[in-house]
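Good morning, colleagues. Please take a moment to look at the sequence and the structure before I go through some of the details.

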Amino acid sequence: MGCFNEKYRLMMKFGLQFKANLENVTNVRPLGEDFRWFLKLKCGNCGEVPDKWQYVTLMESVPLKGGRGSASMVQKCKLCARENSIDILRDTITPYNASDNEKFKTMVQFECRGLEPVDFQPQAGFAAEGAETGTPFPEVNLLEKDWNDYDDKAKESVGIYEVTHRFIKC
């Protein structure tokens, strides 16, 4: 019976909700298959949360034991040695738009076995566009939780401010 429970551990889905104050921009989104979601992940077995940031990306796919498909990342907990996995659900990646301004919106969902995401660090790799002009801004870095630029077509400043997040169970 123990083997059955171990093999078919509960799979959970978690949504990363994003919130920001947008100034004259819309369609804030991760850019490309190589976008790195930097996360802190808690082991569901022992509760260990490593100090270092780990990232998952759509480009990486690791086979799961027992031929149960694949995941974006498979890792062994350093404390309890349990093998856990997390997978990015590609079809759930959604842009944050001007209409979402200052509201939490789920930007992506992760399917987790034995892990729970507990923190997110936005970094480089986001893109946005001018709200009125569609001017592309392909190199948005949100590491400082604020970003600004200038839209030459609209002759106005653009920005993404007060970036915050939370995780929800889906």
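Strands here, like helices, are DSSP runs numbered from the N terminus, with at least two residues of type E for a strand and at least four of type H or I for a helix. This is a predicted model, in which local features need pLDDT of at least 70, side-chain atom pairs count only at pLDDT 80 or more, and totals for chains, interfaces and linings use all residues. Residues are numbered from 1 along each chain as its sequence is written, and side-chain values use heavy atoms, with hydrogens and water left out.

Strand β11, residues 126–130, runs antiparallel to β12 and is joined to it by three bridges. Two strands count as paired if DSSP finds at least two bridges between them. In general, strands of a sheet pair through backbone hydrogen bonds, either parallel or antiparallel.

Which order do the strands of this sheet follow? The order is β2-β11-β12, in an open sheet of three strands with antiparallel pairing. Because β2 (25–30) and β12 (136–140) stand at the edges with a single partner strand each, one side of each has no neighbour in the sheet. From one strand to the next, the twist averages 20°, with axes taken as lines fitted to C-alpha atoms and angles running from 0 to 180 degrees between N-to-C directions.

I turn now to K40, in strand β3, which covers residues 37–43. K40 is buried, yet it has no salt bridge, and D51, the nearest side chain of opposite charge, is 5.4 Å away. Buried means under 20% relative accessible area, exposed means over 50%, and partly exposed lies in between, with a 1.4 Å probe and protein chains only. A salt bridge requires a side-chain nitrogen of Lys or Arg within 4 Å of a carboxyl oxygen of Asp or Glu. Leaving aside neighbours within four places in sequence, the contacts of K40 (heavy atoms within 4.5 Å) include D51, W53, E116 and D119.

E156 lies in strand β14, residues 156–169. Its relative accessibility is 26%, so E156 counts as partly exposed.

Finally, the protein as a whole. It has one helix and 14 strands, and buried residues make up 39% of its 170 residues. Its C-alpha trace spans about 65 × 25 × 25 Å along the principal axes.

Technical notes: Lys and Arg count as positive and Asp and Glu as negative; His and the chain ends are not counted.
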